[in-house]
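User: I would like to go through this structure with you, starting with the whole chain and then turning to individual residues. Shall we begin?

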Amino acid sequence: NIDEAVWVSNCEYVIFEDLVVKGGYYHGFHVVNRSNNIRINNCDISGYGIPGIRNEKSGMFCDYKGSSSTPNQNSGVRITDTECITVENCYIHDPSGRTNAWKYAHPAGMNAVSMRSGGRTVIRNNDFIGNEWNRWNDAIEAFYNPHRSGGPARDCDIYGNVLMIGQDDGMELDGAQMNARVYNNMFHGSLCSISTIPQFVGPSYVFKNMFLNLGTEDDGYGSVVKGGSFEKDGDVNAGAWAKLYLFNNTMCTRGNGISCNYGVETDYRVMSRNNIICVSSDKNAISDKYKLDSCDFDYDLISAMDGGQTPAVIAADSAEAHSVKNSPGFTDRINGRLDLSANSAAIDKGDDLKDFTKGYVGTEPDMGALEYGSGSCIYPARSTNISTDKQLVFFKKGEKEKSFEITLNTDSAN
């Protein structure tokens, strides 16, 4: 019943490397009490969290004493009021606790990482892998997120991660989020991929991510990116200066693409460029029901994943004047190859965003996360020379076994 397997308090300049960490009643690591410049590298973290006993009446999980307080925010790494923390190259998986489905109540349970950071947090090249028995609440959860000190807070980089299989969000980018950068990640299997409710200060940047296959335990799916205001005691907390930039992401999933509809009408601000938004034909590629002038959507490819009618764009009349409404022409979507084929309608149709699109191959940048001709077909890109001909293998509902071949290539630059 030790609360944390590793408790890091009032420490500076400490490296935890190559550790196998199992257990912790609440957390694997807890970094707290002004600990700064801490690095957690190449650790295998599992078996943490309150196991939980399901209350058959409510569907929620209780602790072993039968407490009505649902275990929540039990994390492989929990970061509380500290700065300059790096979590890298870690495998966080199989917590002891579980997370309830939305059909019972808002999910509460396990995280790979939870944080209220003082800033300068780096989370990179990790695998945060849930499963059907141990789904995350959020793979990366912000706590105190209705406040300016919530979540990553400021000056953070979150990149190169795999965030898979949750009940609510892939990650919460909620709170102040001043100079927060989220890029080159792969999100798979949750209600929403990224929450930005609210963002108080900004700006934050979400670019070159791969968003795949929204879906919860009870087969619910929402939006890839959800945004809006957070109203508390009559105070609308989303500041007019807090801007979100969405550049060169690939979204291929059931459900909605970008949704700005949460809360009340405010000066929520988002700029969208060069994204591939391939979602359900009966859903919305973009939904801004207030049609705010502070939102700017353009140069996105919009397509129906199921081959039906083009998903709707609900936004100001000026939105998506330069959009492409056509199939993205992925190399092999069924096997997870979402790099562009030679005849893709996304090639050379993007907007030149200078630093964000530098190094493009053709006459103009491509739309989506993977530039055609760059030699990149793996996501997230990491420093390895191994690639495969399949990125995903799909099982049909009820299918428990399946035979397939995967070819490895060891000559890839990625």
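User: What percentage of the residues of the protein chain count as buried?
Analyst: This is a predicted model. Of the 414 residues in the protein chain, 58% count as buried.

User: How many helices and strands does the secondary structure comprise?
Analyst: The protein chain has zero helices and 39 strands.

User: What is the radius of gyration of the protein chain, against that of a compact globule?
Analyst: The protein chain has a radius of gyration of 21 Å. A compact globule with 414 residues would have a value near 22 Å, so the two agree. Along the principal axes, the C-alpha trace spans about 60 × 55 × 45 Å.

User: And the contacts between residues at least 6 apart in sequence: what percentage join residues at least 24 apart?
Analyst: That percentage is 73%.

User: What about the surface: how much of the accessible area belongs to carbon and sulfur atoms?
Analyst: Carbon and sulfur atoms contribute 46% of an accessible surface of about 17400 Å².

User: How many positive and negative side chains are there, and how far apart do the centres of the two sets lie?
Analyst: There are 38 positive and 53 negative side chains in the protein chain. The centres of these two sets lie 2 Å apart.

User: Let us move to single residues. Where is Asn 274, and is it buried or exposed?
Analyst: Asn 274 sits in the loop between β30 (269-273) and β31 (276-279). Its relative accessible area is 0%, under the 20% cut-off, so Asn 274 is buried.

User: Which polar partners does the side chain of Asn 274 have?
Analyst: The side chain of Asn 274 makes a polar contact of 3.2 Å with the side chain of Asn 248. A polar atom of the Asn 274 side chain also lies 2.7 Å from the backbone nitrogen of Asp 351.

User: Leaving aside residues up to four places away in sequence, what does Asn 274 touch?
Analyst: Its contacts include Asn 249, Asp 298, Tyr 299, Thr 357 and Met 367.

User: Where is Met 367, and is it buried or exposed?
Analyst: Met 367 belongs to the loop between β37 (337-340) and β38 (387-388). With a relative accessible area of 0%, Met 367 is buried. Met 367 and Ile 276 are 91 residues apart in sequence, with their C-alpha atoms 6.1 Å apart in space.

User: Which strand holds Phe 330, and what does this residue touch beyond four places away in sequence?
Analyst: Phe 330 lies in strand β36 (residues 330-332). Among the residues Phe 330 touches are Thr 250, Cys 252, Ile 276 and Leu 340. Ser 341 is another of these contacts; Phe 330 and Ser 341 are 11 residues apart in sequence and 5.5 Å apart from C-alpha to C-alpha.

User: Why does Phe 330 count as buried?
Analyst: Phe 330 has a relative accessibility of 12%. The cut-off for buried is under 20%, so Phe 330 counts as buried.

User: One last residue. Where is Asn 137, and what is its relative accessible area?
Analyst: Asn 137 is in the loop between β14 (127-129) and β15 (140-142). It is buried, with a relative accessible area of 1%.

User: Which polar atoms lie by its side chain?
Analyst: The side chains of Asn 137 and Glu 141 are joined by a polar contact of 3.4 Å. The backbone oxygen of Pro 107 lies 3.4 Å from a polar atom of the Asn 137 side chain. Beyond four places away in sequence, Asn 137 touches residues including His 106, Pro 107, Ala 108, Gly 166 and Asp 168.

Terms used
Residues numbered from 1 in each chain as written. Predicted model: local features only at pLDDT ≥ 70, side-chain atom pairs only at ≥ 80, totals over all residues. Heavy atoms only, no water. Helix = DSSP H or I, 4+ residues; strand = E, 2+ residues; numbered from the N terminus. Rg over C-alpha atoms; globule rule 2.2 N^0.38 Å. Buried < 20%, exposed > 50% of the residue type's maximum accessible area, 1.4 Å probe, protein only. Contact = heavy atoms within 4.5 Å. Areas by Shrake-Rupley, 256 points an atom, 1.4 Å probe, with all protein chains shown as cover. Lys, Arg positive; Asp, Glu negative; His and termini not counted. Charge placed at Lys NZ, Arg CZ, Asp CG, Glu CD. Polar contact = N/O pair within 3.5 Å; in protein donor to acceptor, adjacent residues only side chain to side chain.
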